[in-house]
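Hi everyone, thanks for coming. Let's take a look at today's structure together.

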Amino acid sequence: MTGIRVRVDKTLCGSYGVCVLVAPTYFELGDDGISQPLRSRPEAEQPSSTDLLNRAAQRCPTGAITLVS
Amino acid sequence: MQPTAVDRTASPFLADATPLTDYREVEEILGSHSVRMLRSTTELPFMHDALPLLEGLEHTARRRQLAALFRPTVLRETHDPMIREAVRRTFGRIEVPPTTASDDSTITVDACLLAQQIHVLVLARFVGLDAVWETTEGREAFERATGSINAAVSMRWSLRDPIEESASIRSDITDFTQHVLLPALRARRDRADAGAHDLLAVLARLHDSDETDWDGELIIREAVAFLAGGIQSSSNAVVDSLSEILPWLQNDSTPLDRLRDPNDDLLWRCVAESLRLHPSNPALNRIALEDFTLKTTGRRIKKGEELAVHTGLAARDPAVFGPDADEFNPFRTPIAGVPLEAWVFGSGHHACIGRALALGRRGPSGVLGIEGSVVTATRAFLNAGANQDPGSPPTYRQDTAKRVIASLRIRLNARAVRHLAAGARGQPSARTR
């Protein structure tokens with residue numbers, strides 16, 4: 001988990017907000033309605049963090065979220 | 001009779017579909033690109049090319065165009081104050097007879113009617129139907145059409161004769177379009193207010209843009225889709241929340257003061273928990289575009305297979321929500337990655353765009369950020385001293401396969417109603433329960 005980077009492609013984000021529902025501690029919608037990661041490099045706080053981020057990325061309807069190790 | 005689950009024999013659109021009730025399968029299929037929505041031929045005339053029925057890139061493009069209406073700043077600065085004013089006006093319409101003018105007197109009202117009146121105003125302002133706010137005639141014309149507008153998007157659940165119902169809906173929507181919607185659209189275009197944050201203003205701007213191919217009919221269908229999607233589901237959510245909260249409040253240890261506090265998220269949790277138990281759409285239908293296998297369970301789906309995606313039953317999956325999943329418990333903590341209300345607003349491309357208007361948005365730490373119409377309206381009832389009338393249990397609609405409360409008689413405190421109608425945000429100083 002350490003070193004993983006979260007990226008949101010603002011040109012793809014459709015403001016669906018699914019990422020915020022799945023991983024509210026890692027994403028929020030900005031005032032432009034576009035998703036933004038709260039921490040671009042989440043630390044390994046809990047074993048479930050990777051799973052949550054993966055699910056948020058997988059559930060994003062437009063594929064705007066990518067995780068880079 | 002209280003239908004507590006989907007009656008598949010009474011819902012023809014689900015009868016031949018493969019039922020998915022496992023939470024993991026429901027979550028996966030809602031986000032899958034291997035399925036699309038199965039359109040209802042009865043609803044299509046009222047909705048075709050409107051956002052709820054679009055797919056793929058077309059859907060995403062429209063969604064991005066309309067997302068401006070749900071930006072946090074718009075929700076906070078435009079919609080939140082408007083929702084509070086809608087609540088104030090609606091409670092101001094309650095007749096408080098002189099004979100009940102003492103502090104402890106009560107008034108009996110139908111929560112269904114009040115919740116609908118609030119959301120008629122909320123959705124009218126959201127869409128841009130100024131006449132509904134400005135004149136009694138406009139409001140009454142809209143209220144008369146509300147039943148048919150709501151029915152236009154839920155015919156698949158209806159137990160009425162589809163031909164008769166469709167004709168009735170068409171007649172009422174035509175009348176509403178002529179007398180309310182088109183004048184409002186003309187006014188929007190004449191005014192050319194580039195900063196207006198309502199649906200008609202946004203659609204009019206798109207219509208006038210060289211980059212889009214909007215036509216007038218599509219504007220009408222899109223507006224009807226939003227009105228239909230917002231009024232009934234939000235009104236039902238308020239009533240369902242009250243139907244859960246009021247019996248729960250009979251327990252003396254329940255913190256009523258916390259529910260009334262707009263800085264406390266307990267009421268938000270109550271509303272979300274009620275939505276989990278009583279979703280507006282307990283099942284969604286999808287059709288497979290290709291052969292594929294669900295990663296979560298290994299279930300194989302064939303191309304062309306129709307799927308009944310039971311979001312309502314998945315929201316009661318004990319593996320996710322615990323052994324008491326059928327019970328109302330706003331202190332519940334689902335497993336990580338699961339919203340408290342599950343996926344009753346849908347997910348993937350067809351996630352409800354109006355969720356934030358109804359349920360608001362919370363900050364990352366769980367504190368309230370923006371309060372939605374359902375939470376605000378439910379709090380108003382509690383601030384008005386709502387008590388369930390013990391002699392009048394809720395009644396349920398018999399013309400739909402969904403569980404929908406038709407009437408919920410509750411008692412309100414007369415002084416608190418006057419207080420709300422005067423525009424005060426908090427509760428009166430004395431406890432009204």
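So, how many cavities of 30 Å³ or more does the count come to? It comes to two. Before I go on, this is a predicted model, where local features need pLDDT of at least 70, side-chain atom pairs count only at pLDDT 80 or more, and totals for chains, interfaces and linings use all residues. Residues are numbered from 1 along each chain as its sequence is written, chains are lettered from A and ligands numbered from 1 in the order in which they are written, and side-chain values use heavy atoms, with hydrogens and water left out.

A cavity here is a set of points, on a 1 Å grid over the protein atoms alone, where a 1.4 Å probe fits but cannot get out, and lining residues have an atom within 4 Å of a point. Points are joined across faces, edges and corners, and the volume is the space filled by probe spheres set on them.

The largest cavity holds about 90 Å³. It has 15 lining residues, and C13(A), G17(A), C19(A), S35(A) and C60(A) are the closest to its centre. Sorted by class, that lining is 10 nonpolar, five polar and no charged residues. For the classes, Ala, Val, Leu, Ile, Met, Phe, Trp, Tyr, Cys and Pro are nonpolar, Asp, Glu, Lys and Arg are charged, and the others, Gly among them, are polar.

The second largest cavity has about 30 Å³ of space. Around it sit N236(B), V239(B), D240(B), R403(B), V404(B) and I405(B). Helix α11 of chain B, residues 216-248, gives the most to this lining, with three residues. Helices (H or I, at least four residues) and strands (E, at least two) are DSSP runs numbered from the N terminus.

Now over to a sheet in chain B. It's open, with four strands in the order β1-β7-β4-β2 and mixed pairing; two strands pair if DSSP finds at least two bridges between them. At the edges are β1 (18-20) and β2 (35-37) of chain B, each with a single partner strand, so one side of each has no neighbour in the sheet. β2(B) pairs with β4(B), residues 284-288, in the antiparallel sense over three bridges. Within that pairing, V35(B) has A288(B) as its bridge partner.

Last stop: is A141(B) buried or exposed? It's buried (under 20% relative accessible area; exposed is over 50%, partly exposed in between, with a 1.4 Å probe and protein chains only), at 19%. A141(B) belongs to helix α8 of chain B, residues 136-152.

Conventions:
1 Å grid on protein atoms, 1.4 Å probe; cavity = no way out; pocket = protein on both sides within 12 Å on 5 of 7 lines; lining within 4 Å.
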